[in-house]
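Thanks for coming, everyone. Please look at the sequence and the structure on the screen, and I will walk you through some details.

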Amino acid sequence: DYENFIFRGEALTSEGAEAALLFHSDGESGYEITLRNGAQDGSIKTGSLRSVRNLYRSLAADGEWFDFEVAVRGKNVAVKINGVDVVYPVSIPQHRG
């Protein structure tokens, strides 16, 4: 039930791994930050705010720890990977979850 928050952490992926951070979610709908590194192959990469702002190039590498930060302020979301803004404050529709 958090409207405004900053979530920081470290992650480590292995080749072919994919994970997601969900927020404003009921388990079936909501918003998702993708954690997936690797070569440019057309797949959505780490830091993407899926279906709102998709990234296709990784700023992190498999097998190496990387920092992430997700900041949610009302309807605005920003994402950083290793200190680099990859999703600038972007407005999201009403909370879906």
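**A loop, a sheet and a core**

Start with aspartate 26: its side chain reaches the backbone nitrogen of glutamate 28 at 2.8 Å. The side chain of aspartate 26 also reaches the backbone nitrogen of serine 29, again at 2.8 Å. Before going on, please note that this is a predicted model. Where is aspartate 26 found? It is in the loop between β2 and β3. Is aspartate 26 buried or exposed? Its relative accessible area is 53%, so aspartate 26 counts as exposed.

But histidine 24 is buried, with a relative accessible area of 14%. Now look at its backbone. Phi of histidine 24 is near 45°, which is a positive value, and the residue is not a glycine. Most residues other than glycine have a negative phi. Asparagine 82 is another case, with a positive phi near 50°. Asparagine 82 sits in the loop between β5 and β6. At 37% relative accessibility, asparagine 82 is partly exposed.

Now the sheet. In what order do the four strands of the open sheet run? The order is β1-β4-β5-β6, and the pairing is antiparallel. β1 and β6 stand at the edges. Each has a single partner strand, so one side of each is left without a neighbour in the sheet. From one strand to the next, the twist averages 10°.

Let me go across it pair by pair. β1 and β4 pair over eight bridges, in the antiparallel sense. Here glutamate 10 stands opposite aspartate 67 in β4. Next come β4 and β5, antiparallel over six bridges. Find alanine 71, and you will see alanine 78 of β5 opposite. β4 and β5 form a hairpin, with two residues between them. Glycine 74 is in that turn, and has a positive phi of about 65°. Last, β5 and β6 are antiparallel over five bridges. Valine 77 stands opposite valine 90 in β6.

Take another look at β4. Six of its eight residues are buried, so β4 is largely enclosed by the rest of the structure.

In soluble globular proteins, nonpolar side chains tend to be buried together. In this model, the largest nonpolar core has 19 residues. Which of them touch the most other members? They are Phe23, Ile33, Leu49, Val70, Val77, Val79 and Ile81. The elements that give two or more residues to this core are β2, β3, β4, β5 and β6. β4 gives the most, with four residues.

Pick out phenylalanine 23. Leave aside its neighbours within four places in sequence. Phenylalanine 23 is then in contact with Phe5, Gly30, Tyr31, Ile33, Leu49, Val70, Val72, Val77 and Ile92. Phe23 has ring partners as well: ring pairs link Phe5, Phe23 and Tyr31 into a cluster.

How many aromatic pairs does a search of the whole structure find? It finds three. Here is one of them. The ring centres of phenylalanine 7 and phenylalanine 68 are 5.6 Å apart. Their planes are at 45°, so the pair is tilted. Phenylalanine 7 is in strand β1 and phenylalanine 68 is in strand β4, so this pair links distant parts of the chain, 61 residues apart. Phenylalanine 7 is partly exposed, with a relative accessible area of 41%. Phenylalanine 68 is buried, at 9% relative accessibility.

One last stop: threonine 46. Threonine 46 is in the loop between β3 and β4. Why does threonine 46 count as buried? Because its relative accessibility is 2%, and the cut-off for buried is under 20%. What does its side chain reach? It reaches the backbone nitrogen of arginine 36 at 2.7 Å. The side chain of threonine 46 also makes a polar contact with the side chain of asparagine 37, at 2.8 Å. Beyond its neighbours within four places in sequence, threonine 46 has contacts that include Thr34, Leu55, Phe66 and Ile81. Ile81 is also one of the core residues that touch the most other members.

That is my tour. Thank you.

Conventions. Residues numbered from 1 in each chain as written. Predicted model: local features only at pLDDT ≥ 70, side-chain atom pairs only at ≥ 80, totals over all residues. Heavy atoms only, no water. Core = buried A, V, L, I, M, F, W, Y, C linked by side-chain atoms within 4.5 Å. Buried < 20%, exposed > 50% of the residue type's maximum accessible area, 1.4 Å probe, protein only. Contact = heavy atoms within 4.5 Å. Polar contact = N/O pair within 3.5 Å; in protein donor to acceptor, adjacent residues only side chain to side chain. Phe/Tyr/Trp six-rings, centres within 6.5 Å; stacked < 30°, edge-to-face > 60°. Pairing = 2+ DSSP bridges. Axes fitted to C-alpha atoms, helices over the stretch in contact; angles between N-to-C directions.
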